[in-house]
Amino acid sequence: VAVRLSIREFSWRSTIEAIVFGQYVWEKLKMEVAITAKGGIAGVNHVAHLGGAFAGFAIVLFLRLIIAAFERPSLRSSR
């Protein structure tokens, strides 16, 4: 889930979004894995869907690292 949850900045909206979006993504991912394991549907490349999901996850992690790197210096200078 790409939603950033924080104990210091608790938000019901972010929590609900994380739960709903996370559940949706998890169900779609399970469906793609199950269909791929059963041989798939003609004309649909389910391995590409799984690859896209993995690439999206990797991009989110990479961007979070970059954002965290830029946020750290500003936190140190404000102290």
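Let's start with Phe70, which lies in helix 2; helices here are DSSP runs of H or I with at least four residues, strands are runs of E with at least two, and both are numbered from the N terminus. At 67% relative accessibility, Phe70 counts as exposed. Exposed means over 50% relative accessible area, buried means under 20%, and partly exposed is in between, using a 1.4 Å probe and protein chains only.

Before I go on, a word on where this comes from: this is a predicted model, where local features need pLDDT of at least 70, side-chain atom pairs count only at pLDDT 80 or more, and totals for chains, interfaces and linings use all residues. Residues are numbered from 1 along each chain as its sequence is written, and side-chain values use heavy atoms, with hydrogens and water left out.

Back to Phe70. Together with Ile59, Phe62, Leu63, Ile66 and Ile67, Phe70 forms a nonpolar patch on the surface. For a patch like this, residues need over 30% relative accessible area and no salt bridge, and nonpolar side chains are joined within 5 Å. The patch has about 620 Å² of accessible area, worked out by the Shrake-Rupley method with a 1.4 Å probe.

Helix 2 covers residues 46-77, and Phe54 lies in it too. Is Phe54 buried or exposed? Phe54 is exposed, at 59% relative accessible area.

Now please look at helix 1, residues 12-37. Its buried residues are Thr15, Ala18, Gly22 and Glu32. Glu32 is the one I'd like you to notice: what surrounds Glu32? Leaving out residues up to four places away in sequence, Glu32 touches His46, His49 and Leu50, where contact means heavy atoms within 4.5 Å. Glu32 is buried yet has no salt bridge, and the nearest side chain of opposite charge, Lys28, is 7.0 Å away. A salt bridge needs a side-chain nitrogen of Lys or Arg within 4 Å of a carboxyl oxygen of Asp or Glu.

Glu27 pairs with Lys30, and their closest N and O atoms are 3.3 Å apart. Being three residues apart in helix 1, these two are separated by about one helical turn. Glu27 is partly exposed at 41% relative accessibility, and Lys30 is partly exposed at 38%.

Finally, the whole chain: the secondary structure comes to two helices and zero strands, and of the 79 residues, 8% count as buried.

Key:
Lys and Arg count as positive and Asp and Glu as negative; His and the chain ends are not counted. Patches are made of residues with over 30% relative accessible area and no salt bridge: like charges are joined within 9 Å, nonpolar side chains (Val, Leu, Ile, Met, Phe, Trp, Tyr) within 5 Å.
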